[in-house]
Amino acid sequence: SSGINAEYGVPDVEGSGEVGGAGTDEDVREQLLLLMANPENIQVADLRHIDWKKIKTFCRGLEPTLDSISTETITETNTLLLAAAHVIGEKLRVKAREDSDGSRVKKAPHWQRRIEEKIAQDRKDISYITELERGVELKQRLMEGLNRIYPLLKKKKKKKNK
């Protein structure tokens, strides 16, 4: 065997001295220890779009290195796992999403975004209704939409024929 996994283009794990294409054990160990010492530098990329077999190959290669690093608290263990995810994302050349100031972008939960959108729409509607009270003419389409949601215009009652 050539030591290269032809399907994924990464070095084979068994006995090659390399960690799933991530460099030598010592290089990766050093990188993991540096990340553990400075956890604010850890940026975990979204790996959902990467083939899980490729990720699994890298993880298998990291196992001996991860086993060799001892942790005393659950926080250290979690930091080590995040550092490993950082290394895997780096080696797969996947970048973590970042905001302009360098912090990771986190979307608000769906329920919160839905409520915020509803509040924004209600404020807009209140603004239009206030304009109507002042006597400003609004576009016909806008008026129809407001009347559908809030019955603003009094409906004419039909006269009954006797």
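Trainee: Which residues is Leu 47 in contact with, leaving aside its neighbours within four places in sequence?

Mentor: Leu 47 touches Ile 55, Ile 88, Gly 89 and Val 94, once neighbours within four places in sequence are set aside. Please bear in mind that this is a predicted model.

Trainee: Which residues have the most contacts inside the largest nonpolar core?

Mentor: Leu 47 is one of them, together with Leu 32 and Leu 92, and this core has 20 residues. Helices α1 (25–37), α2 (52–68) and α3 (74–91) each supply at least two of its residues. The largest share, 5 residues, comes from α3.

Trainee: How many helices and strands are there in the protein chain, and what pattern does the chain follow along the sequence?

Mentor: The protein chain has 5 helices and 2 strands. Read along the sequence, the pattern is β-β-α-α-α-α-α.

Trainee: What percentage of the 162 residues in the protein chain is buried?

Mentor: Buried residues account for 25% of the 162 residues. The accessible surface of the chain comes to about 12,900 Å², and 51% of that surface belongs to carbon and sulfur atoms. Among contacts between residues at least 6 apart in sequence, 61% join residues at least 24 apart.

Trainee: Is Gln 31 buried or exposed?

Mentor: The general idea is a cut-off: a residue is buried when its relative accessible area is under 20%. Gln 31 has a relative accessible area of 19%, so it is buried. Gln 31 lies in helix α1. Leaving aside neighbours within four places in sequence, Gln 31 is in contact with Val 87, Glu 90 and Lys 91.

Trainee: Why does Gly 61 count as buried?

Mentor: Gly 61 counts as buried because its relative accessibility is 2%. Gly 61 is found in helix α2. The C-alpha atoms of Gly 61 and Asp 25 are separated by 8.9 Å, although the two residues are 36 residues apart along the chain.

Trainee: How many residues has helix α4, and what span is expected for it?

Mentor: Helix α4 covers residues 110–134, which is 25 residues. From its first C-alpha to its last it reaches 36 Å, close to the 36 Å expected at 1.5 Å a residue. After α4 comes Gly 135, whose phi is positive, near 100 degrees.

Trainee: How many salt bridges does the count come to?

Mentor: Side chains of opposite charge can pair when their charged atoms come close. In this structure the count comes to 2 salt bridges. In one of them, the side chains of Asp 122 and Lys 118 meet with an N to O distance of 3.1 Å. Arg 134 forms a salt bridge with Glu 131, with the closest N and O atoms 3.1 Å apart.

Trainee: Where do Asp 122 and Lys 118 lie, and how many residues apart are they?

Mentor: An α-helix has 3.6 residues a turn, so residues three or four places apart point the same way. Asp 122 and Lys 118 both lie in helix α4, 4 residues apart, about one turn of the helix. Arg 134 and Glu 131 are 3 residues apart in helix α4, so about one helical turn separates them.

Trainee: Which residues make the nonpolar surface patch of about 310 Å²?

Mentor: The patch is made by Trp 111, Ile 115 and Ile 119. Ile 119 lies in helix α4. With a relative accessible area of 40%, Ile 119 is partly exposed.

Trainee: Where does Leu 138 lie?

Mentor: Leu 138 lies in the loop between α4 and α5 (140–149). At 18% relative accessibility, Leu 138 counts as buried. Apart from neighbours within four places in sequence, Leu 138 is in contact with Tyr 128, Glu 131, Leu 132, Met 143 and Leu 146. The C-alpha atoms of Leu 138 and Tyr 128 are separated by 8.0 Å, the two residues being 10 residues apart along the chain.

Technical notes
Residues numbered from 1 in each chain as written. Predicted model: local features only at pLDDT ≥ 70, side-chain atom pairs only at ≥ 80, totals over all residues. Heavy atoms only, no water. Expected span 1.5 Å × (residues − 1). Patch = residues over 30% accessible without salt bridge, like charges linked within 9 Å, V, L, I, M, F, W, Y side chains within 5 Å. Areas by Shrake-Rupley, 256 points an atom, 1.4 Å probe, with all protein chains shown as cover. Salt bridge = Lys/Arg side-chain N within 4 Å of Asp/Glu carboxyl O. Buried < 20%, exposed > 50% of the residue type's maximum accessible area, 1.4 Å probe, protein only. Core = buried A, V, L, I, M, F, W, Y, C linked by side-chain atoms within 4.5 Å. Contact = heavy atoms within 4.5 Å.
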